[in-house]
Amino acid sequence: MKTLKLILTLLILPFLGQSQDLAVNNGKALFGDLTARHIGPALMSGRINDLTLHPTNSLIVYAGTAGGGVWKSSDGGVVFQPIFDDYCQSIGAVTLDPNDPDNTIYVGTGETWTRNSVSIGDGLYKSTDGGVNWNKIGFEKSDRIASIIVNPKNSNEIYVGVLGALWGDSSERGVYKSMDGGQSWEQLLYVDQRTGCADLAMDPNDPNVLYASMWAFRRTGWSFESGGSTSAFYKSTDGGKNWNKIHNGFPSGDLGRLGIAIAPSNPKVLYTVIEAKEPSKKGLYRSEDGGQSWNQLNNDFGITVRPFYFSRIVVDPRDENVVVKGGLSGSISRDGGKTFKNLGNMHSDIHDIAFHIKDSNIMYVGTDGGVYRSMNGGVTMEIVENLPLSQFYHISLDNATPYNVYGGLQDNGSWYGPSSSPGGIEAKDWHSVGQGDGFRVLKHATKPIIYSEMQGAENIWRIDTENSLIKTVQPLPADEKAKLRYNWNTPIAMSPTKPDRFYVGSQFLHRSEDMGDSWEIISPDLTTNDPSKQNQEDSGGLSMDNSGAENHTTIFTIAESPLNDQVIWVGTDDGNVQVTRNGGKTWTNTVANVPDLPANTWTYHIEASVFDAGTAYVVFDGHTQNDMTAYIYKTTDYGASWKSIVTDHIKGFARNIQEDLVNPNLLFLGTEFGLFITMNGGETWLKFTNNMPSVAVHFIDLHPRTNDLVMGTHGRGVIIIDDISPLRDLTPEILNKNVHLFDIKPTVINEKSDFGGNFGTETQFVGANPSRDVQIKYYLSKRHTFGKMSIEIQDASGNKVGEVGPGKKKGINIVTWDYRLKPPKVAKGKTITFGGFTSPKAAPGSYKMVMTKGSDTFEQSFDLILDDKLPMQPSDYKERDRVSQLLFDMSESLAYMVYQLDAMIDHESGNKSSKILNSMNALKETLVITTGDNYVGAAEPQLREKIATLFSKIATSYDKPSANDMENFDRLNKLMKEATSSFEPLKKKFKSYDQLELKDKASFLDTTN
Amino acid sequence: MSYFSKFITLIALAITLSNYGQTADEIIDAYHENIGGIDKLKAINGIKLTLKINQGGMELPIEVIELKDGRQMTKITFQGQEIMQGVYDGTTLWSTNFMTMQAEKSDAEALENFKLGLNDFMDDFIDYKDKGYTVEMLGVETIDGTEAYKIKLIKEPMTVEGQLVDDVNFYYFDKDNYVPIAVHTEVKEGPAKGMMAESTMSDYQEVDGIYFPFSMSQGVKDQGAQPVTVVSIELNPEVTDDMFTFPDSMKTDGGK
């Protein structure tokens, strides 16, 4: 009766569900097995913002990263795992509750070392189960959180230092306190709309004593300003109720960013590093009396360099006189801060340092290039090899097999690497093609040439990869008319139709028809040319900081129409959207036609449609004007009108859009919080979350041959979704079917070597490979939970040749068949024979997938094909398969012979007077191994092993059997005949054979073991 | 309560639960009820599962026996050889070493952790309070494309590399019919340590009045999974002691 009840429930419930259409589906209910594949790389890793150690378990290390989320190590920093993938990946601070460090973790989002390319945060998160589940507990508009401190005597008392918005005014800044574990917050210290809390510290012996540094700072797209009259160092002795400036001994005048450190072994000793106007007054200050007075100790370059980027100070927990300061190289003092020397050789730009909880010789250091460990007090540094935090600005693809991915990284040069590699994509598979901050890297469509751009076109390398030759081809000024203005991330572009054509954007569009050897300017100044945004030499505030990263009023994106090379789109960082329809003779600025767009919003990307020359998409990014809205528009009339395709489903400001190459309604959008997909031209967007972190997606490309969607993320490296073609078919009609089968693409039988490196990769990130198996894809409108469901593979004659475990998900299911047939049945011996595990590959030809779901059957045909790029002929494979099959049959005949013989021996074994027993045992010893083990105790191989070995040798070869193989085959054939002629007389002599009740050969072979 | 009214109740629950007023206990009760009732589950003394997995074209038959008294074994057969895994005879936990084909004992920590599961015969949730377990309703999440109640189950602490750690499992119960469709557990040892292991269950079918999943998959979340097909299930199978006993020939002086 319960059965009846359950069945009724199952029958009725579906009618209560909503019908499937693209408007109501959530991504998790649709994308199913379409899963992101991470390929790193991790060899250069990426920027680290904050390191946190467990207070009592020295094996636990957390890394809060600038763009790649939170990672946890449980082995003292050898390898790390991500624990925060579903949330904002830009991390300011990670803090463990000292009273419950195994379970309670706080993550403040929004990185705090405020370079131009920083991402944004979206609040404070708390986990009470060691990072498995997270809840946001406030500070939605905080932009960036610098510090979180939990009272070591009271878990409910939490202090948060909010640095706040970088790009505009905000009152959600300063020091906050909660007395109820984060449920409610009180703002304790607030100065003004541009001054935030840069650092916060608590006296370890007295939780009422707090120190806070407040910092006035502001960035625009074209400038940075650090410091002002509101920057100050404060102290509270009453749990934050009252705050007093403690500047006795400080330099006078405006201050900039101040770091704070308390010596844990003597909390009266404080250090601060001061950014001040007067160079001689900058640097490290120390107080011996809890901040009542200060003395300047050091103003070396390593201590004063770029305060906005490096102001972390860390004191050895066991020695108040050992102090480490972040910086270009990182500096360590062992004399209380008087003198410093550099930390050991590692990636430059050191942001945080953590001393091991028991042994100060062991240190962890966070840099622009990942986490380093030191076992000798910072002298020798070794990199953590499994943190794929690479921060791509851009990626591009080539048409090689497998295709390569090209791109440039924040502070980590430019690279290319394969989308698959034997054994997985390892660090050694990546090739360096540029230095400094790398941005756009492009592969020439037909020649072995790579272009790679660095930092404001300081270099645009043209690399001849065949001959390892390098030259630079950046356009230089040809006259005195105008200084060329290049963006830090200078756009370079190729023509989709003319392989040697190459574009570079300054404020002008430069075009070369000879791969950059000669240049022609084909536009007027396409920017606003606003002189107020061109004073970069004044940028930085108290500390001048003119790195080139703030260059503005420049071209940022270039797109030639794939359908008409006279149509070129250009977008500028100051908000223009320019188009020419005559190859640059005349230009039209169409931005005035874009509705509801704030003035001068950065034109981040223009996507020229592959379907129509007048159609394009433009993505604007307003975040440098403190506007976090996504702006995406489409035109179908060369920009005469633009229509927004943004909906509320999109989270985060957007940087890039990719149009599908087949279905014009299928679009992929990269935002600061991940990947969004629309299948109806932008009416609804679904977030893609299958193994896809909420990471900033800076650039997306779609491979035309594989249909792989490839993303350059700014914090998690290159992420690929293999073959997005099922999304092209998902119309509302198909979504309303119970089951829909997608076409199964012809699958090339892989004959290639899979010898991978795998040496030294134990603690290294290795990127996953795509599957090369037959991909069976189908859509289910409801998860299959009750009743039978199976998939079998049949050959052209309808014979079953394999089985596949079906996927049961609601949404897209992808299951694979590895086109391996069952191995032969081998004779039972004392040990196993490894050759007998060889599963031969199915022959090329037509096959059918038959899915049975309840009482319904669904079928889909597909082809297995040979790799026509290999030198072998179809006749070679046929001969291989023919001989394999003969050996397969030989093995099974022997198995049946031994099966009979074993039964006969068993029958006789109690009979001591048996004359035939010795003969039978003697024969058996020549057929199979009857002694030894599976390893170094292995016995001499017998007939079974010899057959299996040759079978394996031939079946796993790419080639037809060799002459020697056939000699060996003839020998085995002869031995098998001899065995048969020994066995048959014994069988005849064996009177009781019919009493043994043996299976016939066919049913014997049919059993699976 | 008539079957009809009970049926209506179930439907109503399925609707109201989207606002989730439902407690973990109500979901667990509905699950037990829907698969056949807790009394039937408790009445079972043993279960034998015949499974198959497919590896590179090779179909591996697997036989699993679990008894209420704690004894259990897994037997994999290929090339006529029987490989025993995770066999427990009431004292010793052992497996066949693949190289020597001989029985070897599991390490002490594995044995102690294994013993913690002896009270979970048939189902973690049977009498979970008596076992000292705690459950917590975490809300509704989409898993395998469908909405499910996520329930956190904490069992006895286990020992990992010498340290006591909580044994935390996240069960996902299908919102439509309350049967578990997935379980997540953090991997605690080995190269995948820190990743989330994912098991899924489907193809529920009835055996002697109780519903069992006849298809499972096991893997690491988002990294692919190995499907396992249940060929047959036999309740209260006939067993003999020698199916579980650690072979005398392998006993050493140090351990009996």
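**Exercise 1.** Find the residue that stands opposite Val739(A) in E61(A), then describe the sheet around this pair.

Step 1. Val739(A) stands opposite Leu780(A) in E61(A). The model is predicted, and local features need pLDDT of at least 70, side-chain atom pairs count only at pLDDT 80 or more, while totals for chains, interfaces and linings use all residues. Residues are numbered from 1 along each chain as its sequence is written, and chains are lettered from A and ligands numbered from 1 in the order in which they are written.

Step 2. E59(A) and strand E61 (residues 774–780) of chain A run antiparallel and are joined by three bridges. Strands (E, at least two residues) and helices (H or I, at least four residues) are DSSP runs, numbered from the N terminus. Two strands pair if DSSP finds at least two bridges between them.

Step 3. The open sheet has three strands in the order E59-E61-E64 (chain A), and the pairing is antiparallel. Strand E59 (739–741) and E64 of chain A are the edge strands, each pairing on one side only. From one strand to the next the twist averages 25°, with axes being lines fitted to C-alpha atoms (for helices over the stretch in contact) and angles running from 0 to 180 degrees between N-to-C directions.

**Exercise 2.** State whether Ile812(A) is buried or exposed, and list what it contacts.

Step 1. Ile812(A) is found in strand E64 (residues 811–817) of chain A.

Step 2. Ile812(A) counts as buried because it has 23 C-beta neighbours inside 10 Å. The cut-offs are 20 or more other C-beta atoms within 10 Å for buried, 12 or fewer for exposed, and partly exposed in between, with C-beta atoms placed from the backbone.

Step 3. Leaving aside neighbours within four places in sequence, the contacts of Ile812(A) include Leu30(A), Phe31(A), Gly32(A), Asp33(A) and Leu34(A), as well as Lys777(A) and Tyr779(A). A contact requires C-beta atoms, placed from the backbone, to lie within 7 Å.

Step 4. Ser396(A) lies 416 residues from Ile812(A) in sequence and 27 Å from it in space, C-alpha to C-alpha.

**Exercise 3.** Work out why Gly40(A) counts as buried, and which residues it touches.

Step 1. Gly40(A) belongs to strand E1 (residues 36–40) of chain A. Gly40(A) is buried because 28 other C-beta atoms lie within 10 Å.

Step 2. Pro388(A) is 348 residues away along the chain, yet the two C-alpha atoms are separated by 4.9 Å.

Step 3. Not counting residues up to four places away in sequence, Gly40(A) touches Pro388(A), Ser390(A), Ile425(A), Gly717(A), Val718(A), Phe765(A) and Gly767(A).

**Exercise 4.** Describe the partners of E21(A) on the E20(A) side and on the E22(A) side.

Step 1. Strand E21 (residues 283–287) of chain A is mostly covered, with five of its five residues buried.

Step 2. E21(A) pairs with strand E20 (residues 270–276) of chain A in the antiparallel sense over five bridges. Tyr271(A) has Arg286(A) as its bridge partner in E21(A). The two strands E20(A) and E21(A) form a hairpin with six residues between them.

Step 3. E21(A) also runs antiparallel to strand E22 (residues 295–298) of chain A, over three bridges. Here Tyr285(A) has Gln296(A) as its bridge partner in E22(A).

**Exercise 5.** Compare the span of helix H8 of chain A with the expected value, and say which residues in H8(A) are buried.

Step 1. H8 (residues 963–989) has 27 residues and reaches 40 Å from its first C-alpha to its last, close to the 39 Å expected at 1.5 Å a residue. The expected span is 1.5 Å times one less than the number of residues.

Step 2. Leu972(A), Met976(A), Ala979(A) and Phe983(A) are buried in H8(A). An α-helix has 3.6 residues a turn, so residues three or four places apart point the same way.

Step 3. Helix H5 (874–908), helix H6 (916–927) and helix H7 (943–955) of chain A are among what covers these buried residues.

Key. Contact = placed C-beta atoms within 7 Å.
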